[in-house]
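Please walk me through this structure in connected paragraphs, with the cut-offs behind each term given along the way.

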Amino acid sequence: MFLRTDQGFDLAGGTAARPFGRALAVPRRLGPIERLRGRDWTPDLGAQIGSGDWWRGLATFGTLIGAVWALAPGIMPLTGATPAPLAGTALEESRALAIAPLAWGGDTGHRMAANDLVAPLAEAPERPIVELNATLGEGDDFDHVLMRAGVGRNDARAAAGLVAQAVTLGDIAPGTRIALTLGRRPAKTVARPLDKLALRARFDLALSLDRGVGGLAMTRKPIAVDSTPLRIQGLVGSSLYRSARAAGAPARVVESYIKALATRLSIGRDVTAADGFDLIVEQQRAATGEVRLGELLYAGIDQGRRKVQLVRWDDDGTPSWFDAHGQSERRGFMGMPVAGRITSSFGYRMHPLLGYLKMHKGLDIGAPYGAPIFAALDGVVQGAGRSGGYGNFVKLVHGGGLASGYGHMSRIAVARGEHVRQGQVIGYVGSTGLSTGPHLHWEVWRNGQTINPRSISFASVQALSGESLRRFKAQVAGLLAVKPGHTS
């Protein structure tokens, strides 16, 4: 069967019959112009190479190229006037004002360019002096900093020795900038001599070194410093921390302030937006304009119905917070004496070595061998030595009928009768005595009876008396007399 589109028939079928009333189409003869219009004069020259259409396209291409060539206009060069070459003074002036290599000079003017009177140098001359800055790094030696900056070894050591006469070199703060002036040297094979040196050795002292006839000489320049504390007050508002920071208190000071208040009240529950905060910070103001803030001295909060006034006091070398009456109160829970995880809790358990059910009178805390063990509270060492299955054992008495013990130590760091502070290292984790591995056995006794170390809370009150109390009250009066420097 054939399709109509293949054979030009109207219908597909097996016969030549057509519908009645239709006539067969008879093709019409085309004239010469119509035949020319029906041909493709620009075929693809990349296909059917060698065919009639291809040759016809090639002829069209050649005809077009020839027509373009024949009709193209001629291009004739334009001749312009050529300036006369410059010479003499005119050449020197043009070189002085034109873009030229840097070797010809960098300034402008009639006498800038080199002429026949200029004698070339064998080498560039050195600058008579060199001024530079050096910075003291963390753990850096003073003379090494100078030598890295280009100072000779002898001058660097001499300068360090002079500075050490005024201030301990190790006390110079890291980041201190040292201004140096190096003089002319006799030859390029030696270091430049140190002519001048200046630095801020302390907040209240500047030093300068100058070279004289007899060598380097040091000059001390004391700086007047005002040590009046800074007092900051304001309302708590929506956030105590943000309000204190907005009032001008540094972040570390605000953190210390909140920690101090947390020993007497709950910051989240007891402090309201209408309360007023009051803090006093150490401050040093130098005559040169620098300001340096130190530790928090006073933490207060006014809640209308009551005032909390805490003063930092470190008469015995350990800073503590006392109220305005000279009393210190501390509340909380015992902290973990070693960094680790609890491997065995308080109570009855199957003993790992003895193999029967036995009361475990403390906590076992797994930790790496040699890890430091800290005192859970302030106390006195009642015993420090070997104690049967506990191995190396330390017992502390904390007062108020409270005591704590630490067993299986690899090494003991305290002695019997020694007073220890909370957080002080008393020994190191080990596996002595009846132990299956390195860990700390921690026991706590109250009035001679063992209790769970994690369940005990403590409250301690310390009061000043005598001369300490008089000096403390004088300090409180001085702090409260400070006028606010920032208010909000």
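Leucine 45 sits in the loop that runs between α2 (32-37) and α3 (52-71), where helices (H or I, at least four residues) and strands (E, at least two) are DSSP runs numbered from the N terminus. With a relative accessibility of 32%, leucine 45 counts as partly exposed, given that buried means under 20% relative accessible area, exposed over 50%, and partly exposed in between (1.4 Å probe, protein chains only). Together with Trp55, Leu58, Phe61 and Ile65, Leu45 forms a nonpolar patch on the surface, and these residues have about 480 Å² of accessible area together. Such patches are made of residues with over 30% relative accessible area and no salt bridge, like charges being joined within 9 Å and nonpolar side chains (Val, Leu, Ile, Met, Phe, Trp, Tyr) within 5 Å. The areas come from the Shrake-Rupley method with a 1.4 Å probe, and for residues only the protein chains shown count as cover.

The model is a predicted one, in which local features need pLDDT of at least 70 and side-chain atom pairs count only at pLDDT 80 or more, while totals for chains, interfaces and linings use all residues. Residues are numbered from 1 along each chain as its sequence is written, and side-chain values use heavy atoms, with hydrogens and water left out. The mean pLDDT (the predictor's confidence in each residue, from 0 to 100) of the protein chain is 81, and 81% of its residues reach 70 or more. Over residues 1-26, however, the pLDDT is below 50, and beyond near neighbours in sequence this stretch has 12 contacts in the model, a contact being heavy atoms within 4.5 Å. Where pLDDT is low, the predicted coordinates should not be read in detail.

Taken as a whole, the protein chain has 10 helices and 26 strands, and buried residues make up 32% of its 488 residues. Of the contacts in the chain with a separation of 6 or more, 56% are between residues 24 or more positions apart. The chain exposes about 30,800 Å², of which carbon and sulfur atoms supply 56%.

The interior can be approached through the nonpolar cores, each a set of buried Ala, Val, Leu, Ile, Met, Phe, Trp, Tyr and Cys residues joined through side-chain atoms within 4.5 Å. The largest of them has 27 residues, and Phe142, Leu146, Leu197 and Leu207 touch the most other members. Two or more residues each come from β1 (130-135), α5 (142-149), α6 (153-166), β2 (177-182), β3 (194-202), β4 (205-212) and β5 (215-222), and α6 gives the most, with 6 residues. Leaving aside residues up to four places away in sequence, leucine 207 touches Val163, Ala166, Val167, Leu197, Ala198, Leu199, Ala201, Met218, Thr219 and Arg220. Apart from this core lies another, of 23 residues, which include Leu240, Val271, Val281 and Leu296.

Arginine 56 forms one with aspartate 53, their closest N and O atoms being 2.1 Å apart; because the two residues are 3 apart in helix α3, they are separated by about one helical turn. Arginine 56 counts as buried at 18% relative accessibility, whereas aspartate 53, at 35%, counts as partly exposed. Arginine 192 and glutamate 126 form another salt bridge, at 3.8 Å between the closest N and O atoms, and this pair links distant parts of the chain, 66 residues apart, with arginine 192 in the loop between β2 and β3 and glutamate 126 in the loop between α4 (89-97) and β1. Here arginine 192 is buried, with a relative accessible area of 12%, while glutamate 126 is partly exposed at 27%. Glu126 and Arg192 also belong, with Arg185, to a network of salt bridges.

Histidine 408, in strand β20 (residues 402-412), has a positive phi of about 65° although it is not a glycine, and histidine 408 is buried, with a relative accessible area of 5%. Asparagine 447, likewise not a glycine, has a positive phi of about 55°; asparagine 447 is found in the loop between β23 (439-446) and β24 (449-451) and is exposed, with a relative accessible area of 61%.

Conventions:
Salt bridge = Lys/Arg side-chain N within 4 Å of Asp/Glu carboxyl O.
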